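The sequence and structure come first, followed by the notes.

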Amino acid sequence: MSNITQPTSVIVGTDDMWTPAANSLMIVEKIPAAWLVQIRDAGYGLMYQYPEQFSKIVRTFLETT
């Protein structure tokens, strides 16, 4: 993952049972300059649970990188 050169964002829900939030920390540590956003109380379907928050994060990432 350290060879990834494209802007990268990792968005995870803190209550995701399929992809634990702790795994996202390991991923972000290996990708240079990656963004990590953890959405509190969100699960695996966080984009459906919190669509406005998710969309705002994605827009901000795309506008900034």
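With a relative accessibility of 55%, Tyr44 counts as exposed, because the threshold for that class is over 50%. The model is predicted. Tyr44 sits in the loop that runs between strand E2 (35-39) and helix H2 (46-49).

**Surface patch**
- Tyr44 belongs to a nonpolar surface patch together with Met17 and Trp18.
- The accessible area of Met17, Trp18 and Tyr44 together is about 510 Å².

**Nonpolar core**
- Five residues make up the largest nonpolar core, namely Val37, Ile39, Ala42, Leu46 and Ile57.
- In soluble globular proteins, nonpolar side chains tend to be buried together.
- Val37 is in contact with Val10, Ile11, Val12 and Ile57, when residues up to four places away in sequence are not counted.

**Gln38 in strand E2**
- Gln38 is part of strand E2.
- Its relative accessibility is 37%, so Gln38 is classed as partly exposed, between the limits of 20% and 50%.
- The C-alpha atom of Gln38 is 5.5 Å from that of Gly13, although the two residues are 25 residues apart along the chain.
- Setting aside neighbours within four places in sequence, Gln38 touches Val12, Thr14, Ala21, Ser24 and Leu25.

**Thr8 before strand E1**
- Thr8 lies in the segment that precedes strand E1 (9-13).
- Thr8 is buried because its relative accessibility of 17% is under 20%.
- A polar atom of the Thr8 side chain lies 2.9 Å from the backbone oxygen of Gln6.
- Beyond its neighbours within four places in sequence, Thr8 has contacts with Ile31, Ala34, Trp35 and Phe61.

**Positive phi angles**
- Most residues other than glycine have a negative phi.
- Ala33 is not a glycine, yet its phi is positive, at about 60°.
- Ala33 is located in the loop between helix H1 (21-30) and E2.
- The relative accessible area of Ala33 is 74%, so this residue is exposed.
- Asp41 also has a positive phi, near 70°, and is a residue other than glycine.
- Asp41 is placed in the loop between E2 and H2.
- A relative accessible area of 47% makes Asp41 partly exposed.

Note on methods. Residues are numbered from 1 along each chain as its sequence is written. This is a predicted model: local features need pLDDT of at least 70, side-chain atom pairs count only at pLDDT 80 or more; totals for chains, interfaces and linings use all residues. Side-chain values use heavy atoms; hydrogens and water are left out. Helices (H or I, at least four residues) and strands (E, at least two) are DSSP runs, numbered from the N terminus. Buried means under 20% relative accessible area, exposed over 50%, partly exposed in between (1.4 Å probe, protein chains only). A polar contact is a pair of N or O atoms within 3.5 Å; within protein, one must be able to donate a hydrogen and the other to accept it, and residues adjacent in sequence count only if both atoms are side-chain atoms. Contact means heavy atoms within 4.5 Å. Patches are made of residues with over 30% relative accessible area and no salt bridge: like charges are joined within 9 Å, nonpolar side chains (Val, Leu, Ile, Met, Phe, Trp, Tyr) within 5 Å. Accessible areas come from the Shrake-Rupley method with a 1.4 Å probe; for residues, only the protein chains shown count as cover. A salt bridge is a side-chain nitrogen of Lys or Arg within 4 Å of a carboxyl oxygen of Asp or Glu. A nonpolar core is a set of buried Ala, Val, Leu, Ile, Met, Phe, Trp, Tyr and Cys residues joined through side-chain atoms within 4.5 Å.
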